[in-house]
Amino acid sequence: MGAPGRAAKAARNTARVRGKGFGSGPASHPTTVGTVLNGALMVLLALVTIFPFYYVVLIALSDYATVHKQILYIFPTKINFESFRAVFEERTFLNSFLNSVFVTVVGTAYSLLISSMAAYALSKDRVPGHRILFIIAIIPMFFSGGLIPYYLTVSAVGLSNSIWVMVIPAAITTFYLLLMKNSFDDVPKSLEESAKIDGATDFTVFFRIVLPTSMPVIATMALFYAVDKWNDYYLAMLFINDLNKYPLQMTLREILNNFTRFQGTGIGAVIQNQQTPIVYTRSLQMAVIVVATVPILCVYPFLQKHFTKGIMLGAVKE
Amino acid sequence: MSETALKSKKADRGTRWRSLRERIWYNRGIYLFFLPALAAYLVFTYVPMYGAILAFKDFSFKLGILRSPWTSMNGFQHFYDLLSDASFKKAFFNTVIISFGRILFEFPVPILLALLLNEIRKNRYKRFFQTVFTFPHFVSWIIISGIVFNLFSDSGVVNGILVTLGGQKINVLTQPSTFRAFLYSTSIWKEAGWGTIIYLATITGINPSLYEAAIVDGASRFQLARYITWPSILSVVGVMLILQISSVMNAGFDQVFNLYNAAVYDKADIIDTLIYRRTFVKGMDFASSTAIGLFKSVINFAMLLVGNFVVKKATGKGIY
């Protein structure tokens, strides 16, 4: 491109810049083939992301005969809610659903409470021994005793085969704690100090001033913890062997991989019965997946807008 | 920052004259705030760290960790045994290969995706795509395994398409030769969108006047990305790389455990899955599994130091 062309382009760009005001930089360039291609690529990737979920719902709502008649089944021809009915009539399933709700609600509250309190303590660098506390919190991020000692310790504490094993041992995710700490660092110290001069305790300062001013981060961390608790199966797999104490994910895992454990139950009977199927095995599995995913889908869009803000406040600091 | 720093300094001045004991007493409330977390850390991370001495012992359930006798070879018997343990060696190499495969194939994707998302002009669309791409991160690997089985099973949509196009059915789940690629691609599908958040947050923080000046000088969009955006996120890329390198011995238990099966053990069995199977499925010796776990932790920690050193040299900023 020659110099005149470049100058013209620069002038055009400047005009654009002036016209639109300055948002994010690259947004001020004119539409090009690149922009269109990029948009097309994004749409394609979005489809790739969404399609598997769509296909889950599709199969969950189909019946055996319909899927098997067609080589390629992509659009619903017949909708059938039988699998959802079978899932909800199953006591083991409902039970584990409630277990997961319990673990998620209680676990998130507990995790959020002790890690935000610790984060607040760590944000006070004037406190003697601050560095030691910080190092105590940091080390577990990079070093662990390994699975077996952990297993033996948790068993020794007496949490084996108790639903609390999903709440108490893995209560703190150090990474989340640090995000909260960084965000608390930004709460104006003058606010806290003036409250203290007025006779407020650290306790009041924390719950009345620091927490409310850090709401985006707290909301984000609550979501992260909640999703982690909802999705956790590892602790249950290690420590719980009573089917009635299983969280949803563990029941789901059994339904996907290990039908034999469910033979005595209602779902097992339905699965066994697949030669004369009212309900298609895979529809049943997919119905369980839908039920396990919907709660996340419900909270996700509302909190999604906080992520970037929450992470940005917490993580990206020089 | 400077304003708050000044104010906190002012506040500090009141406390500076106090003796250490008085300062500790003055801040007693703050220590109380840390107490529950301290208890949790001590019991559930530091006690197990100490318990890792089991790696040097012959474990007996009756005696417990502390009173079990030391192994021969000055306690290193279990480690020595690992040298001739074929399935451990297999798992070790699989772990290393898969981890580096992840760095090679998975690590760059969120960076690229963030740069592309950043090129979208309308914030509304940008947010929409971000919302869509991030969602799979919040779904567990158990659910993803179900979704994947559904897609790739014999009567699933992928084979449906292949047959419709006149091809052969495939089974990626039990095909050893493609299984690692399958791991990388499912992981990208699930985590790439989530990975963009930190980069996009960094990009948002770039001073707009940099772009303004460059546009006036006639920079193309590619040049903007190459000479302004990329250098601005480089240090964050470095930090993320260090974190990735320091978990080289992990290789993603959650994913592998939920997707693998006996047909692909040869390519996919990693150290963590081996430990799990040995200890909780086969019921082998606890002590030797502890030794493997300790070995893993030590290497991870060493990789953290190495990674931090290298990245600090290259980008000028590490994690400490």
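Mentor: Start with a cut-off: a salt bridge needs a side-chain nitrogen of Lys or Arg within 4 Å of a carboxyl oxygen of Asp or Glu. And keep in mind that this is a predicted model.

Trainee: Okay, what makes B:Asp269 and B:Arg277 a salt bridge?
Mentor: Their side chains come to 2.8 Å, N to O. The limit is 4 Å, so the pair qualifies.

Trainee: Are B:Asp269 and B:Arg277 buried or exposed, and how do you know?
Mentor: Buried means under 20% relative accessible area. B:Asp269 is at 5%, so it counts as buried, and B:Arg277 is at 12%, so it gets that label too.

Trainee: What about B:Lys190 and B:Glu191, what makes them a salt bridge?
Mentor: Here N to O is 2.9 Å, and with the cut-off at 4 Å the pair is therefore in. B:Lys190, at 5% relative accessibility, is buried.

Trainee: Now chain A: what do the side chains of A:Asp185 and A:Lys181 form?
Mentor: A salt bridge, at 3.0 Å from N to O. The two are four residues apart in helix H8 (residues 174-185) of chain A, so about one helical turn separates them. As for burial, A:Lys181 is at 11%, so it counts as buried, while A:Asp185, at 25%, counts as partly exposed.

Trainee: Which residues of chain A are linked in a network of salt bridges?
Mentor: A:Glu82, A:Arg85 and A:Glu89. Over all chains the count is twelve salt bridges.

Trainee: How many residues are in contact between the chains, and how much area is buried?
Mentor: 107 residues of chain B are in contact with 110 residues of chain A. The chains bury about 9,500 Å² between them, with 74% of that on carbon and sulfur atoms. Accessible area lost when the parts come together is often how the size of an interface is given.

Trainee: Which residues touch the most other members of the largest nonpolar core?
Mentor: A:Ile172 and A:Phe184, in a core of 134 residues. Domain 1 (16-47) and domain 2 (77-315) of chain B each supply at least three residues to this core. A second, separate core has 27 residues, including B:Leu115, B:Leu117, B:Ala192 and B:Ile215.

Trainee: And what does A:Phe184 touch, leaving out residues up to four places away in sequence?
Mentor: Among others, A:Tyr120, A:Lys189, A:Phe206, A:Val210, A:Leu211 and A:Ile218.

Trainee: Last one: how many helices and strands are there in chain A?
Mentor: 15 helices and zero strands. Of the 318 residues of chain A, 53% count as buried. And of the contacts in chain A between residues at least 6 apart in sequence, 69% join residues at least 24 apart.

Definitions and conventions:
Residues numbered from 1 in each chain as written. Chains lettered and ligands numbered in written order. Predicted model: local features only at pLDDT ≥ 70, side-chain atom pairs only at ≥ 80, totals over all residues. Heavy atoms only, no water. Core = buried A, V, L, I, M, F, W, Y, C linked by side-chain atoms within 4.5 Å. Buried < 20%, exposed > 50% of the residue type's maximum accessible area, 1.4 Å probe, protein only. Domains from an automatic or database assignment. Contact = heavy atoms within 4.5 Å. Buried area = accessible area lost by both parts, 1.4 Å probe.
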